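Trainee: I'd like to learn how to read a protein structure, starting with the whole chain and ending with a single residue. Could you walk me through one?

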Amino acid sequence: MNATPDEAHARARDFLCRRFCESLQLKRVNSLPAPVWDFDPNGWYLFAVTEQESWRLGSTEYVAVSQRTGEVRYLGRLGQ
């Protein structure tokens, strides 16, 4: 198969995206470690995002999914 540079770029990007997604873990949490500006957590499923093979000290990334609409919102890094 002869791939063009654009096709090779797209394949490399897809590979890295899949690999990165497979390395993430989403853990459902009941509350956030700190308030988020302009965000009310009621009515949202909350998830802490961690990398499976990474031991990281400090803050954790959080994502929320609306129970009503399915909207996904990145909340950023929270905690210490």
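Mentor: Let's go from the overall fold down to one serine. Keep in mind that this is a predicted model.

Trainee: Which helices and strands does the protein have, and in what order do they come?

Mentor: Start by counting the elements, then read them along the sequence. Here there are one helix and four strands, and the pattern runs α-β-β-β-β. The radius of gyration is 17 Å, well over the 12 Å that the globule rule gives for 80 residues, so the protein is more spread out than a compact globule. Along its principal axes, the C-alpha trace spans about 50 × 35 × 20 Å.

Trainee: How much of the protein is buried?

Mentor: For that, look at the share of residues under 20% relative accessible area. In this protein, buried residues make up 20% of the 80. The accessible surface comes to about 6800 Å², with 51% of it belonging to carbon and sulfur atoms.

Trainee: Now a single residue. Is Ser66 buried or exposed, and why?

Mentor: Ser66 counts as buried because its relative accessibility is 10%, and the cut-off is under 20%. Ser66 sits in strand β3, which covers residues 60-66.

Trainee: What is Ser66 in contact with?

Mentor: Leaving aside neighbours within four places in sequence, Ser66 touches Gly43, Trp44 and Glu71.

Note on methods
Residues numbered from 1 in each chain as written. Predicted model: local features only at pLDDT ≥ 70, side-chain atom pairs only at ≥ 80, totals over all residues. Heavy atoms only, no water. Helix = DSSP H or I, 4+ residues; strand = E, 2+ residues; numbered from the N terminus. Rg over C-alpha atoms; globule rule 2.2 N^0.38 Å. Buried < 20%, exposed > 50% of the residue type's maximum accessible area, 1.4 Å probe, protein only. Areas by Shrake-Rupley, 256 points an atom, 1.4 Å probe, with all protein chains shown as cover. Contact = heavy atoms within 4.5 Å.
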